[in-house]
Every structure is written in C-alpha cells, then in structure tokens.
4 protein chains.
Amino acid sequence: MIQAGIVGGSGYGGAELMRLLAPHPDVAIRTVTSRGDAGTPVAETFPHLRGVVELDFEDPQQAPLADCDVVLFATPNGVAMEAAPALLDAGVRVIDLAADFRLTDPELWRRWYGTDHACPERLAEAVYGLPELNREAIQSARLVANPGCHVTAVTLGLLPLVGAGVVQPDSLIADSKSGTSGAGRRASVGTLMAEAGESLRAYGVAGHRHQPEIRQVLEWVGGPLELTFVPHLVPMVRGIEATLYARLAKLETDVQALFESAYADEPFVDVMPAGSQPETRSVRGSNVCRLAALRPGNGETVVVQSVIDNLVKGAAGQAVQNLNLLFGLPETRGLEGIGLMP
Amino acid sequence: MIQAGIVGGSGYGGAELMRLLAPHPDVAIRTVTSRGDAGTPVAETFPHLRGVVELDFEDPQQAPLADCDVVLFATPNGVAMEAAPALLDAGVRVIDLAADFRLTDPELWRRWYGTDHACPERLAEAVYGLPELNREAIQSARLVANPGCHVTAVTLGLLPLVGAGVVQPDSLIADSKSGTSGAGRRASVGTLMAEAGESLRAYGVAGHRHQPEIRQVLEWVGGPLELTFVPHLVPMVRGIEATLYARLAKLETDVQALFESAYADEPFVDVMPAGSQPETRSVRGSNVCRLAALRPGNGETVVVQSVIDNLVKGAAGQAVQNLNLLFGLPETRGLEGIGLMP
Amino acid sequence: MIQAGIVGGSGYGGAELMRLLAPHPDVAIRTVTSRGDAGTPVAETFPHLRGVVELDFEDPQQAPLADCDVVLFATPNGVAMEAAPALLDAGVRVIDLAADFRLTDPELWRRWYGTDHACPERLAEAVYGLPELNREAIQSARLVANPGCHVTAVTLGLLPLVGAGVVQPDSLIADSKSGTSGAGRRASVGTLMAEAGESLRAYGVAGHRHQPEIRQVLEWVGGPLELTFVPHLVPMVRGIEATLYARLAKLETDVQALFESAYADEPFVDVMPAGSQPETRSVRGSNVCRLAALRPGNGETVVVQSVIDNLVKGAAGQAVQNLNLLFGLPETRGLEGIGLMP
Amino acid sequence: MIQAGIVGGSGYGGAELMRLLAPHPDVAIRTVTSRGDAGTPVAETFPHLRGVVELDFEDPQQAPLADCDVVLFATPNGVAMEAAPALLDAGVRVIDLAADFRLTDPELWRRWYGTDHACPERLAEAVYGLPELNREAIQSARLVANPGCHVTAVTLGLLPLVGAGVVQPDSLIADSKSGTSGAGRRASVGTLMAEAGESLRAYGVAGHRHQPEIRQVLEWVGGPLELTFVPHLVPMVRGIEATLYARLAKLETDVQALFESAYADEPFVDVMPAGSQPETRSVRGSNVCRLAALRPGNGETVVVQSVIDNLVKGAAGQAVQNLNLLFGLPETRGLEGIGLMP
C-alpha cells in the first residue's frame, strides 16, 4: 500500500482527499495534519467520515510525513513551498493542491501572490498536474503542482481550440462561475450563507490569480494570447461552470469533431453531443469534466461550456488522478464515483 | 386615481405588479384576471398580499378591462396581441410585459416565436418601454412594450458603449445569469428546486429570443452589430447579473466617466465606483439597475457588470415606471422600495 | 423629526434598521456607529443603501448619541448594558435589540450569558418590547428590551393557548427553524454557505438562550410551565418557521376562534384560515407574523405554525414598532412594507 | 449476476437505483422502463449516468421484466400493485419503493390513498423492508415494501424508545423536514425553485400518509400509541432531518446507552456521541442514518435527531440493502459510498 500523508486536513481539499483515498484500494492514509485541530479525531470535525477515517489530526511538525511515499498539501498558498523541499530531499513525492508550484516564473508568483517564492530553484522540477496535457511528465515527476479549480475548467475547455490554432489568440474570454466551497473552510464574512446565498456577483474582475495560470497553460500549447477571465460566486456549494468565448480564425472548423477527437481517449473528459448544455450537478462528487461546444447561429464565435466539481476534478480528485499516475496505477483507480444527481 | 387592470394575475409578473401598485398613491387596481383562478381570492394564491389586495381573480372575458385607464398584460407571449387592439380602440392604454410588441419586425417575431403576429399593424404604434432610451416617446404612447428581463440588464450595460461608438460593433458578448423566477410560475420539470437547485447551467446557447431583442435595441443607437448572448440558470429565486464584454475601438476612452455621464440623471440606474462588483441582492425587490465597468489590466477589453431584479426593473417595476410616464406622474412614484439585503 | 441613533450599524440588525428608518416619515437617522467601519460610508458596506443613507459610520465613542431622542442598539449581547445607563440618564430613550434587558432576573442572565449583568438595577425599568403583550407599558417606557427572533415566533404562537389556560402547561414543545442571517454578520465557519447550504441541523439542543426567555414571557401570562425548545438552522437567508405543539387541557376549545379573537386587533399578527400552512416567504421583508393553528385528526394535540422574518418582526421591524409606540406615532408607521414573494 | 429490472426509471428513485446498482458487483441492470421516455437513452435524461448506464428506457409493457430475478418499482403509488402479482407468479422477486404494500390493512390504504387496493390478498406476503426491524423476514421474502422516506427517519429514531417501553405511548411528536427531491421529478408549481427556494413551510399538517405508516411500524413493537407527525419542506434538494419528542415514562433511562445498544450491530445506523447535532449533509449520497438522542436539562422529554438522505436510506439505498438481503449478499454490498460533504 502506498503510504499517503495529507497536510492541511481540516479544509475542504483535505476532507475530499480523505473521502477519495480512504476507500482507495492501493493507498493507506498514514497521517492527516492540522495545526488547529491537532489531537482531535478527524471524524469529529467531519462526521461524514465516521467509521471511515479513524485517525486523529496530527500536528504537522510531529506527523510522520517523511515516512510517507507521497504527501499531499491541501494547505493555504505558501505552506507547501516551505515544507516540500525537505520532503523531496527525503525521497517523498509531493502533490501540492495550492498554487505554490503552478507558475513557472517566480517573478509572476511575486506579482500575484505578494511574497518572494521560498524555493524558486524547485520550480523547474515541478510538473503541472493537468493529466490531459502532461500525462507523461507526471508519471515520472516527484513534485506535482495540482491546477487551480477555475483553471481546470477553463483550460480543458479551451485547449482543443488553442492547441489546434483555430481561434484568434487575442479573443479569449472566460466567464467562470463557482460555488462557495471554492473559497475554502475559513471563517469569512463574504462567504457566509447570509452574504452569498440568494445572490450572484463577480469577483476579482480587475485581476484574479487564476488568470496568469490559465494564460501560462494555454500559451504552452498555443503561443502568446490574450485572455479576459472573470470569476463569479454562485449561491451553491459545489461546482464550476465556465462559459468560454473565442473567435474562430478558421471558419471551416468542425468544432464538435475537434473536441471529440481531442478528448477521445481521456477517461475524465466527456464531450457531450452537439447542442448539450452541461450542468454542474452532473459531475457533483465525480472527477469528470463535461464539455459542450458550439457556434451560435453558425457564426464566428465559438462558445464552450465546461463543468467540473471544483473539489474533485478541480482539486482533490485531480490530485488522486496525479497520484495514480505517479505510482503507475490505473489512472481511474479510486475515482469511479458517479455524479450525485439530484 | 388611475384605474388599472392586470391581466394574468396569477404569475410572478402579476403578483409583483400587485405588490407595487396596491400601495401606489395614484393608482387603484380595478381588476386582476386569471383564467385558472377566476373566482378565488387573490390573497389565497398569494398570502403575502393578505390585507393588501382584497380582490378576487376575475375571468379575463368578464373583467371590466375596457373601463380601466390602463391594462397591464402579465401573460404568456401571444395573449396581449390578441386582446390589446380592442382595448386600444376603446381608449385604454396598454403595457405588455410579454414579448408581443417588442420586436418591430413581424417577420422576426415569426422566426423566434413560431407564430404569425396577430396584429402586425399595431407594431408601429408600440413604444419600446425602456425609459432610459425612450422616455419621451413613452410619455405620449398608448401601447408600451415592456422589455425582457435579460434585455434590460444587458442593454443598460451596453448602451453607453454602443451609443458612444467606442467599442467594436462585432465584439459584443453578454454572459447573463438569471434566478429561476424568470421562468415563471408554471409547472415544469426543469425549474423544480430538485433540478435547478445546487446546480448551474447555460440555456438557449444555440439561440435565445432575447438575443434579437437586445440586438434591435442596441442597433437603434449604434448601427449594425454582432452579439453573442448566453443566458444561464442560477440556483436562486430573484436576480439577474449580466457580465458584458466588448473590445474598445477607442483605447483612450474613460469608461467610468462615460458611464457616469450617460446615467447622471437616471433615477434607476446607479453607476458604482470604479472597481465595484455589484451583487444581485443589492437590488432585490427594488427597481434599480446597478452597473460597474472597468478595463482589466487597462487592456482592450471592457467588462461591464449589470445587476437587476428580474421581476422589478426586469418586469413589473419597469412597467410601473412606464405607467408613471404614460400618465405624467413622477417617474419614481411607487418605486421607492429599497433592496432587501440580506 | 425624531432623532435616532443606531449603535452597531454594520450588522444585519443595523442594516435593517436603516432600511426601515431611512424612509420613515417621522424619524431622521442622526448617527450610525460601527467600531470596525468608523469613517467609511455606510453605503460602501451596504450598497443597497446607496442613495438612501448618505452617512459615514461613526465611532461609538464620538458619535452624538446623547443628542438623539432614541438610540437603538443592534450590538452583540453585553454592549447595551454598558452604554445604556448614561444615555438613559441623559434623557435618551433606548431600544436594545440584543438580550441585555430581556431577562428580568440577573441571576438568569448570569447562568445563560456567562457574565454578571452590568446594570442589574436598570432591569426593573426595562419593558419587554412585545407590543402584542405589553403595548401600554411600552408607550410609557424609556428602555425597551426587543425580543429575540425565535422568541417572537414562538411566543406569538403560544400566547393565546397559554393565556387562555386551555393547554397542559407541561406539554409545550417548540420546534423552530431559522435562516442563517439569525447568526449575524460575523465571520464564522458554521454559517458559511459551504457549511450551512444544502443541509439542515438542529443546534442548541441541550439548551439555548431563547428557551428561558420564551418561558419567562409565557409564564407571565400562564404561570409555571415546561417548554422544550429546539432551534434549527435552515439553508436560507431570512425567515423563521416555528411549529409548536401543546396538549389541550380543554378538548372543547375552538382553536381557530381562540386565535382569531386573540389577535383580532393586532396590525402585525395575521391568523390564517383553518388548514393554512404559512410559509416564511409570505412575510419576507415585512413586519407581519402569520399564524395557523389546528388539531390534527381532531385529537388532543394542537399544532401551531408561526412564521416571521427574523430580521423584521424578529428584530428591526419590531424595534421600529416599539419606537412608534414610544413616541406616540401610529404603530404601523414605516412598517407598511409587503412581503417579497417569490 | 442478479438480473434486475427497474420500473419507473425516469424519476429520482429510479435514477438513484441506477447510480447504486450500475457499479454493484453482483447485479446487472437488465432493463429500465419509462412510459414517457421509452426509446431514448437513459443517459440523455440523466447525463450523470453517461458512460455508466448504456441502456435505453424501455416501455414497461415490452420490457423483459419477467426474465429478471428481481424487479424494483420506483413508480407512483398504485402502479406496483397492478403489475407485481404477475411477476411474483412468474417467480420474480419484487421490491416496491412506493406505498402499495406498506400498510397491512387494505382499509387503511383506501382511507389514505383514496382507491381500493388492487391485490389485497398479496398484502400478507409483503414484508416491510426496514432491515433494522425485519432483517430475517426480508431474507426469505418474495415481495418487499420499501419504507417511506420520512418513515425511515422517524421510526429509526423512535424504535429504541418505543421498543424498550420507556416513553409514554401517547406523547410522540415527529417534526420532520425534507428536501424537495422527496416530492419527485414531476412538474408541479409547489416544488418549483421559485416557490420552494428561500422559504420554509409545513405541509400535510392535517394528516399525511406517512403518519399511519409510522404508527403501524411503531405499534408492531410498542403496542397502541399516539403520534403527531408534521412534515416540512426545506429549501434544499436532498436530506431529511426529523426531530422527535417523547416523554419518558421511566426517568432512570440512560438514553445514550439505550440507543447505542439498540444499534450496536447495525451497519447503517450511526449513533453519535451524546450532545451531537447531526446534519443532513453528513449522509448525503450515503445509506447511513445518523442519530443523536438527549434529554435537555435532564428533564422528562427526550429529543432525538435523525438524519438520512431521503433518496438513499429513505428510498433507493434501502431498496438495495433489501435486495442484498433477499439474495443472501453482504448487506452493505454496493452501499459503501461516503457522504458528500460539503
């Protein structure tokens, strides 16, 4: 059994990692850490794990992380970059669900996250953990940067278009909408139910950290481009729907065929029939990204709809997918869960 | 007192008209009709109106509509076009909250609504009831076509840009999100709470009836243009947020100043400070449209956020605003209600 | 104009007081205080009040509270008891929306709120501000203790039964359900949308502070009794529904007639027809309490359903009702708002 | 592989049966019927089953139901009683998720469901499918009546008390709250999101069909008793929370020990530590019932909180649990899913 450690277990990413890894046939959860809840049973904080996870939270300084085969960081930005180097040196593989190793340019990190990067020399060995883009590199990686939630929904929806060079690179618009669990399990006024319930608003309109990340990923495959990204907070708990707009450079493009071909062999990307309108609940709790693409009125603009569960394909599920790749397991192992509808 | 009749009183538009007109100091509700509920007290269907509206629903065939000064149709599309001509001939003014008189071209009606228009000869006298665009024409109108809900949010957000000719006319994108009350008070699987709750999806991606209406309005002020419009269904009851994207043709444009100037004298359009992110709940129950506009990263793309209450500024409130204009009343009369937050 | 000061203006109680008092024809809001937001415009925190309240929040130490005719405390428990005595001595009338002056026994305060009462000598002059019970006393009061939200819903539903002595006094059960705005506008994990959304749970089952308050009120009219009170957190923003159970001592009681008679003259209590099932949205934003009472199967148990808006009749609306009484105004002044449905 | 047929596959019960049975290692879904959707792919109606269920809906008259080992009816009340006898005669085992075989007295059926029972002679062989009560009988049954959703939550919470004879049998009160999926996937005004969202109300206060069913079950173990049952509609999709009240006849009862002992060996009933407040989301998507019981203030009244997922333990999950028992499989087979939180 692969021994896994989870750092930052009292948030939603950590809870979701436990939901997925506890029944995983090839993984044993060795330790789950939480500074705030150290010493208390995991199942006290998360009653849905009663009878499933029997561990207590451990203090991250004392937990046997170095004895693990892999450590998953479900921590706020900035934590993994401090702790990962020692673990990597000890031969432990690391998957970071936060942003610490996503941007390859430390200067970009400073600009968007406001601090100096703690281990810029490690950025080169970090592999960006979007399996649909980087499968082979992930298989031999030691340090995986798990993509952002909006980023996953947006890039999976735009990659076929950008990769094929069929859209104008300065025409990309991503209007993304997320449930409030994306903001994490931290006390905050803005995501109180009484603030975020029965209301809708955009956020980060002037600039959001996922914008440079999306742009970096798309530029890897399509060269320089411009992207306008506007995230929105939706009065629901789970789910991201991104509606993506691009202007076709090649009007003869068969968009449906392009998408079906691009994702024909992907276990977790489902291209729906032409005319479909995917809903977030169809992927609730599952690791699937559902896509639909069309050209309204057969015009120049292509519209792509992309839905994921922000905590699964947008976080913990994708991390388990990466873990499977890291250890040579079937990529879908432990990720067969079906969306919970309604 | 102005004698008002409401046709189609058992839907949300009708209920909201009653909420606004019952305490209106210059209007008396003479009759409220409903085919299905005729003979039963209004307050039995709508307990929030207990003690406020003491009328019974009347059958539309028997109700004293011709004795009214104004009749408001809160009916499904296609009803007003049958009944309005006789009322107009009897000297009654008509405000239609449905789509019957919105499109000036009967051919366009046929294409989007699937039937021949019942009174194409009346289309010329219908005035499109967006006061911010057509205030003077409404004041002397006899037949007012109240705008669609998405249309109101989208056009108020784009009019300053299109009117000033500062954006590329083929670059317009409207990503609009609506609560489920926009679908009306009709039994339907798709808007059950168990279907629409805790989920998000687009609809009408291939083509929605509000698209030609938005385009018609914007072309009145800006000439030929292209618009991609994608509406979404949000798990909330009231509210529309439209995020609008356009590419600037004139990069020197001061977007904030343009919007502030355009709406300086408008009682129901509130341009928020630069950097604001309006939320739908700030206008819940009120007739206000709140707007914010900015250029992310000072780039070529301008992003406008526009929020309204779909049942107020997007329907009944705007109808009362039009009624006030029709009868020479102060435009804000009866519409002073403050948004209900939280 | 009555000069009113609001202390603790950055919470939901304060915001709702402003929504109700700003358009009140006899009241001027002189000052609104907030320690955290002092110096910033009220409308920045509460955009729904843009154009309605033009004040900045003031520091409570510097605000001209002593110059007001009445000061309303919308503060956490324990604040008003420190500040009220000096204001009262200065001739200012005080309405406390928190719990400080609700319990007449300072020992009971200590047991349930965990601190010594700061001015036990003032408890005797405090009048419990439930107008349906204490109208006359409120009219001549100087210090009003505004009732708790659950308390209002529960006591209005039980008072007719307890007052008439027709139920067994040891049989009272109150199963009350509240939206999350009742927990206030404070950062907290438990009322995050991602925690409280799409889920239901009881809270305070072992003992909740509203239980002794309900019991105190009911015992004033009915003598010693036993009450089991269980509050629940509902995934919605506003509203309380309390379902109340009692065993009839007098089986010949006509429950419907008893309730209609008890509340015949009350402007804000609406006894619905027999068999009704009031919904919280029928009172959303309004100061009305809607009640329905029946005996299922004509048995011994009477079931009462009581709905209020927790922020209006359960807090700010009732405070304005008390203010009207204090100053000899018509009791409904400024409280004519109709419930927002849907 | 056990060949299973699902009748009424286009509702939530049917969809949930497919979610649970498709990956079940011992069951093959042979056919899924739907009168309305016959001929169309299941995954078109239910996109969350894309790639999981490849069947088309079949017409119930033509589907190979008689070739199945077991047929599960997820149909409206009254359907199974017409079709089950022929299947039973053909040697097919039947599990009915509707109410047709729940009440043992056909006269009680007539009174509450308004029709004559179609096969009263079969009622004697029907086994009430609450495994915690009837495990042995289910193992040898041919016809299983799957319990109602409210009934499951309420009876599991009251059985230990009633079975041990420690509460007064005329003191039982069940205040139960359900998400709207309990009303099924039928077009209806009352469960539209715009009607049921952001609001709470009781229903069936005068008498609900689950009341005689609860009473029947409890009387099997505890003799004659009185029960007041009030269901409520909660603005969420899944979940039932029942708060149960009873007066202790034996004040020396250790309620916690009684519950722990009663359910010590039950795989799907989780008695939480004293003082817990179970939330519905802890069982979302899972077959677990979580219970907590306590005596507030150590008084005479015992309060039990019981949460289930209405579509799993309250319907499809319990049906699969019964199927496992019918065919001698481990009871938890295919039901290991962990609650989806948040």
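What area is buried between domain 1 of chain A and domain 2 of chain A, and what percentage of it do carbon and sulfur atoms give? This tour of a predicted model, in which local features need pLDDT of at least 70, side-chain atom pairs count only at pLDDT 80 or more, and totals for chains, interfaces and linings use all residues, answers that at its first stop. Residues are numbered from 1 along each chain as its sequence is written, and chains are lettered from A in the order in which they are written.

**Between the domains**

Select 2-147 + 313-326 of chain A as domain 1 and 149-310 as domain 2; these bounds come from an automatic or database domain assignment. About 2400 Å² is buried between them, 56% of it from carbon and sulfur atoms; buried area is the accessible area (1.4 Å probe) that two parts lose on being put together, summed over both. Next, show Tyr12(A), Trp112(A) and Lys313(A), which lose the most area on the domain 1 side, together 27% of what that side buries.

Then display Glu266(A) and Arg135(A), joined by a salt bridge with closest N and O atoms 2.6 Å apart. A salt bridge here is a side-chain nitrogen of Lys or Arg within 4 Å of a carboxyl oxygen of Asp or Glu. Three salt bridges are counted between the two domains.

**Between the chains**

The contact (heavy atoms within 4.5 Å) takes 43 residues from chain A and 43 residues from chain B. About 3600 Å² is buried there, with 51% from carbon and sulfur atoms. Eight salt bridges cross this interface. Finally, select Asp170(B) and Arg247(A), whose side chains form a salt bridge at 3.0 Å, N to O.

Methods. Side-chain values use heavy atoms; hydrogens and water are left out.
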